[in-house]
Amino acid sequence: MNGWVAYFLAFLVFFLTHSIPVRPAMKSRIVSALGPRGFTLAYSALSIAVLALVIMAAGRAPFVGLWDWAPWQNHVTLTVMFLVCVIAALALGRPNPLSFGGSNNDRFDPDHPGLIGWMRHPLLVALFLWAFGHMIPNGNLAHVILFAVFAGFALLGMRIIDRRKKRIMGNANWARLADTKRDITVTKGGLIRIAVAVVVYALLLSLHGPVIGVEPLL
C-alpha cells in the first residue's frame, strides 16, 4: 500500500476512535458495560494503540525534509514529555465533569479542584504538549503534519467539549463548576501520582526505541 495512503488511513482510525468520548450516547453504553474505571483503562489502551499506529505510519511515509535536526531539540522533547506524564498522572481517574478522562464526577469540588483549577482539559493539554514537544526534532513533512494535526485536534477539542458540556449541563451549572480555585495543595495522593508519572516516564524512555524505533537519549 502506498505510504501516504496508509498514513491517512491511520489518521482516519485515530479520529474515529477519538470521537467516542465526545458522543454521550455511545460513551454511556460502553461505561454501562465496563464501568467508569474499566472505560478509562480500556480507552486509554485503545488510544495508545491507535497513536502508535499513526506514528508508525508516519515513519513509513515518504521523507520530505523541512528543517534539520539539532541536539538541543531532544532536550525540549524530554522536558516536555516529563510534564506530559505528570499532567496525565494527576488527571486520569480524578473527578472532572468539565472534560473527559475523569471518574466520580459528582464528587468534583470547585473549591478543591486540584489540577482542574489550572486547566479544564488536562488530557488535551497533555496531547498538545506531546505534539509540540515531538514536532521540534522531527522536521520532515509526514511528522510535521502528524504533530500539527494532533496539536490542532487538542485545541479544537477543548472548545468543542466546552460547548457540549454547556449544552448538557446548562450554562449556569457549567459556569459554577468552571469557576474553580487554583489550588496548590500537595496531597499524599498527588505525590503518589507524581511518583507514578516518574515511573511511566522512565518506561517511555526505555520502550521508545524498541516500539517506535527512535532512541530518545541518543
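A nonpolar core is a set of buried Ala, Val, Leu, Ile, Met, Phe, Trp, Tyr and Cys residues joined through side-chain atoms within 4.5 Å. Keep in mind that this model is predicted.

Q: How many residues does the largest nonpolar core have, and which have the most contacts inside it?
A: The largest nonpolar core has 43 residues. Trp 130, Leu 146 and Phe 150 have the most contacts inside it.

Q: Which elements give two or more residues to this core?
A: They are helix H1 (3-17), helix H3 (36-60), H4, helix H5 (122-135), helix H6 (141-169) and H8. H4 gives the most, with ten residues.

Q: How many aromatic pairs does the structure hold?
A: The structure holds 14 aromatic pairs.

Q: Why is the pair of Tyr 7 and Phe 8 called tilted?
A: Start with the distance. The ring centres are 5.2 Å apart, and rings pair if their centres lie within 6.5 Å. Now the angle. The planes stand at 50°. Under 30 degrees would count as stacked and over 60 as edge-to-face.

Q: Is Tyr 7 buried or exposed, and how do you know?
A: The relative accessible area of Tyr 7 is 0%. Buried means under 20%, so Tyr 7 is buried.

Q: What makes Phe 8 count as partly exposed?
A: Phe 8 has 44% relative accessibility. Partly exposed lies between the 20% limit for buried and the 50% limit for exposed. Phe 8 therefore counts as partly exposed.

Q: Which residues form one aromatic cluster with Tyr 7 and Phe 8?
A: The cluster also includes Trp 4, Phe 11, Phe 14, Phe 15, Trp 130, Phe 147, Phe 150 and Phe 153.

Q: Where does Lys 166 lie?
A: Lys 166 lies over the face of Trp 174, at 4.5 Å from the ring centre. The distance limit for a charge over a ring is 6 Å.

Q: Why is Ala 91 called buried?
A: Ala 91 lies in helix H4. Its relative accessible area is 7%. The limit for buried is under 20%, so Ala 91 is buried.

Q: What separates Ala 91 from Pro 122?
A: Along the chain, they are 31 residues apart. Their C-alpha atoms are separated by 6.3 Å.

Note on methods:
Residues are numbered from 1 along each chain as its sequence is written. This is a predicted model: local features need pLDDT of at least 70, side-chain atom pairs count only at pLDDT 80 or more; totals for chains, interfaces and linings use all residues. Side-chain values use heavy atoms; hydrogens and water are left out. Rings of Phe, Tyr and Trp (its six-membered ring) pair if their centres lie within 6.5 Å; planes under 30 degrees apart count as stacked, over 60 as edge-to-face and the rest as tilted. Buried means under 20% relative accessible area, exposed over 50%, partly exposed in between (1.4 Å probe, protein chains only). A charge sits over a ring if NZ of Lys or CZ of Arg is within 6 Å of the ring centre and within 35 degrees of the ring normal. Helices (H or I, at least four residues) and strands (E, at least two) are DSSP runs, numbered from the N terminus.
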